[in-house]
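Please keep the sequence and the structure in view while reading.

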Amino acid sequence: MNLFASLIPTFIDTLFSTVRDVFPIVCIIFGFQFAVLRKPVVNLKKIIFGFVYVILGLSLFLMGLEMALFPLGEAMAIQLTAPEFLYGEGAIMPNIVDWQHYYWVYIFAAAIGFSTTVAEPSLIAVAIKASQVSGGAISVNGLRFSVALGVSMGIALGCYRIVAGDPIHYYIIAGYVLVVIQTFYAPKFIVPLAYDSGGVTTSTVTVPLVTALGLGLASTVPGRSPLIDGFGLIAFASLFPMITVMGYAQLTEWSAKRGSAQNETRKP
């Protein structure tokens with residue numbers, strides 16, 4: 001009961017700040033509806049209830065971030081990089097770290113990146129729409145898992161960059177060069193979807209945990225700055241899904257052509 005009572009002021013403050021943030025959106029939408037289109041709003045009562053749900057949901061979600069996801073991500077990073085975990089009981093963190101000692105961090109980053117992306121509501125919605133528009137040519141699960149694989153690889157590589165202390169722009173430039181090259185060879189129908197897949201991943205579930213993981217990792221690795229090194233994992237999470245989605249389409253196309261060629265050779 002005491003915990004619930006202490007949460008009420010926090011919820012009220014978050015609720016008011018959410019209303020303040022959503023208010024400009026409401027003004028723009030209804031302003032265009034009445035001033036530009038000059039038409040009444042269809043199902044106005046239903047839309048108002050929808051906005052109420054949005055405000056309540058955002059408020060509870062923001063509280064959940066502060067209470068659960070951010071602390072959880074930071075706690076995991078701190079525990080996985082603790083000297084006693086890396087080097088054994090009574091060990092002291094050396095001034096110069098070896099990136100190979102942090103393999104559990106890379107494994108955790110890859111696992112959390114994959115699992116949060118597969119559960120990402122926005123990705124599920126995009127995958128379903130892409131499958132419907134393409135007439136089933138794009139598999140829902142195939143798209144989801146290829147995006148999740150890209151996020152998994154990107155976050156693991158981003159954690160390695162934090163541990164190693166390498167400049168982030170080298171990785172990003174090399175990645176986008178690969179994306180540009182793939183664009184010329186990937187099936188044309190998948191290219192726009194692959195580019196959108198990078199943005200879809202940076203949404204409600206993935207971003208809080210990944211951000212907390214990066215900040216926690218940069219805070220515990222000697223010689224790393226949370227401000228300079230802690231951010232940037234989202235850039236990796238946005239970049240690598242483009243590569244894996246186009247790669248998935250290229251493999252699917254190659255497999256289909258190979259199957260057709262084998263069927264042609266079997267004909268009498």
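## Helices α2 and α9

Helix α2 crosses α9 in a right-handed manner; a crossing is right-handed if the near helix is turned clockwise from the far one by less than a right angle, and left-handed if anticlockwise. The model is predicted: local features need pLDDT of at least 70 and side-chain atom pairs count only at pLDDT 80 or more, while totals for chains, interfaces and linings use all residues. Residues are numbered from 1 along each chain as its sequence is written, and side-chain values use heavy atoms, with hydrogens and water left out.

The axes of α2 (residues 44-80) and α9 lie 7 Å apart, at an angle of about 40 degrees. The two helices are therefore oblique to each other. (Angles under 35 degrees count as roughly parallel, over 145 as roughly antiparallel, 65 to 115 as roughly perpendicular and the rest as oblique.) Axes are lines fitted to C-alpha atoms, for helices over the stretch in contact, and angles run from 0 to 180 degrees between N-to-C directions. Helices are DSSP runs (H or I, at least four residues), numbered from the N terminus.

On the α2 side, the contact (heavy atoms within 4.5 Å) involves Leu65, Leu69, Phe70, Gly73, Glu74, Ala77 and Ile78. Their partners in α9 include Pro208, Leu209, Leu213 and Leu217. By class, this contact has 10 nonpolar, four polar and one charged residues. (Ala, Val, Leu, Ile, Met, Phe, Trp, Tyr, Cys and Pro count as nonpolar, Asp, Glu, Lys and Arg as charged, and the others, Gly among them, as polar.)

## Helices α4 and α9

Helix α9 (residues 206-220) also packs with helix α4 (residues 103-118): their axes come within 9 Å and cross at roughly 165 degrees. The pair is therefore roughly antiparallel, and the crossing is left-handed. Val105, Phe108, Ala109, Ile112, Thr116 and Thr117 of α4 meet Thr206, Leu209, Leu213 and Leu217 of α9. This contact comprises seven nonpolar, three polar and no charged residues.

## Helices α6 and α8

Helix α6 (residues 140-164) packs with helix α8 (residues 191-201) at an angle of about 65 degrees, and their axes are 11 Å apart. The crossing is right-handed. Leu143, Val147 and Val151 of α6 make the contact with Leu193, Ser197 and Thr201 of α8. Four of these residues are nonpolar, two are polar and none is charged.

## Confidence

The protein averages a pLDDT (the predictor's confidence in each residue, from 0 to 100) of 83, and 91% of the residues score at least 70.
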